[in-house]
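Dear colleague,

I am handing over the structure below, and my notes on it follow. Please read them with the model open beside you.

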Amino acid sequence: MKIAAIIFGLLAALCGWNAASNFRDAYTMRKYSAKVVGSKLKVDFGRTDSDSIEEPLYTILVDLVTTNEPISRFHWEGDPGQAVYPEEALDEFARFAPGTIHNISVVRGSPREVRMDSLDSSSPLNKGIAWSSFTVFLAIVALTISSARSWNKKGPWGLFVAIGLLPLLGAIPVGWFGYERLTTWEYISGTIVGVEKPFDPTQPLANVEFTAKALEKIPETSYQRFTFSWNGNTYTGGYRGWHGPYDEKLAQQEPRFYISPKDRWATAATVEWGEDFLIPVGILMLFGVAFTGVGLLIRSSKI
């Protein structure tokens, strides 16, 4: 038991170190306002790391210079959000036309680690929060195992308390994100454009490069297009072709869904207080209170 507690304690310390390191990077990152001087969209076709089906794959390449003295040059490569359909990728690529201004962040001491604030979701802050969650979980496990000696007389009360703490802690982020979705997400009613047909990769598109496989495979799939307004701009989405971010939300005939004000890819077919807040938070609180209560009851028992 003692060795296991030490191992979990060391793992918790390692996660804590990673969390602190990412929080430090987030705090010390240098932020710049930069102008695009060149951009390119590469279109390929194949399998992503997380999906077994083949679909279009995109990479945006952007060259930027800072707008303030001293002038610094940066190069950024990344995905156009969660775009799957060509029109979605082209919408994102249009935002990086030469002359447009963007906010970028650079990790101090690593000038090649450029992060585009408008697209990068894997920021040091988000990583720090994730590592902190692992730290708390492993620390609870280590403390639970280390208290095993006191279980002999009154039973494994520490195990019940530890199991109860996990859903209680988990209810906090679940409740926060559920409440944010319910109070800030907007209901969108899109407009269907034309009929289902494939994309023509041979049409002239400035600074867009298709690989041989993309030229062969993309015209084989027909899909439906639709437009919608979000944050004052008009965007195009696709569905009924590949497995894109809007496909599951648009199983019905009309393109209607809820969307986050911060992320055009964060959508939901419905938003309800019961399903998105009361039920998940209630279940976590019920299990948390039940297990924690049983553990504390065992500990205080005089039997």
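How are H5 and H7 oriented to each other, roughly parallel or roughly antiparallel? Please bear in mind throughout that this is a predicted model. The axes of H5 and helix H7, which covers residues 273-300, come within 7 Å and cross at roughly 160 degrees. Angles over 145 degrees count as roughly antiparallel, and H5 and H7 are therefore roughly antiparallel to each other. Their crossing is left-handed, and the contact of H5 with H7 is made up, by class, of 23 nonpolar, 7 polar and 3 charged residues.

H5 also packs with H3, at an angle of about 170 degrees and with the two axes 9 Å apart, so that H3 and H5 are likewise roughly antiparallel to each other. The crossing of H3 and H5, however, is right-handed. On the H3 side the residues in contact are Val136, Phe137, Ile140 and Thr144, and they meet Gly158, Leu159, Ala162, Leu165, Leu166 and Leu169 of H5. Sorted by class, this contact has 8 nonpolar and 2 polar residues, with no charged ones.

Helix H3 (124-146) and helix H5 (157-184) each supply at least two residues of its lining. The residues that line this pocket are Ile129, Ser133, Val136, Phe137, Ile140, Leu166, Leu169, Gly170, Ile172 and Pro173; Val136, Phe137, Ile140, Leu166 and Leu169 are among those named above in the contact of H3 with H5.

The structure holds 1 cavity of 30 Å³ or more, and about 30 Å³ of space lies in the largest cavity. Leu41, Val43, Tyr58, Pro86, Ala89, Leu90, Phe199, Leu205, Val208 and Phe210 line that cavity, and these lining residues divide into 10 nonpolar, no polar and no charged. Strand S1 (30-47), helix H2 (86-94) and strand S8 (208-210) each supply at least two residues of this lining, with H2 giving the most, namely 3 residues.

With best regards

Notes
Residues numbered from 1 in each chain as written. Predicted model: local features only at pLDDT ≥ 70, side-chain atom pairs only at ≥ 80, totals over all residues. Heavy atoms only, no water. 1 Å grid on protein atoms, 1.4 Å probe; cavity = no way out; pocket = protein on both sides within 12 Å on 5 of 7 lines; lining within 4 Å. Helix = DSSP H or I, 4+ residues; strand = E, 2+ residues; numbered from the N terminus. Points joined across faces, edges and corners; volume = space filled by probe spheres on them. Nonpolar A, V, L, I, M, F, W, Y, C, P; charged D, E, K, R; others polar. Axes fitted to C-alpha atoms, helices over the stretch in contact; angles between N-to-C directions. Parallel < 35°, antiparallel > 145°, perpendicular 65-115°, else oblique. Left-handed = near helix turned anticlockwise from the far one by under 90°. Contact = heavy atoms within 4.5 Å.
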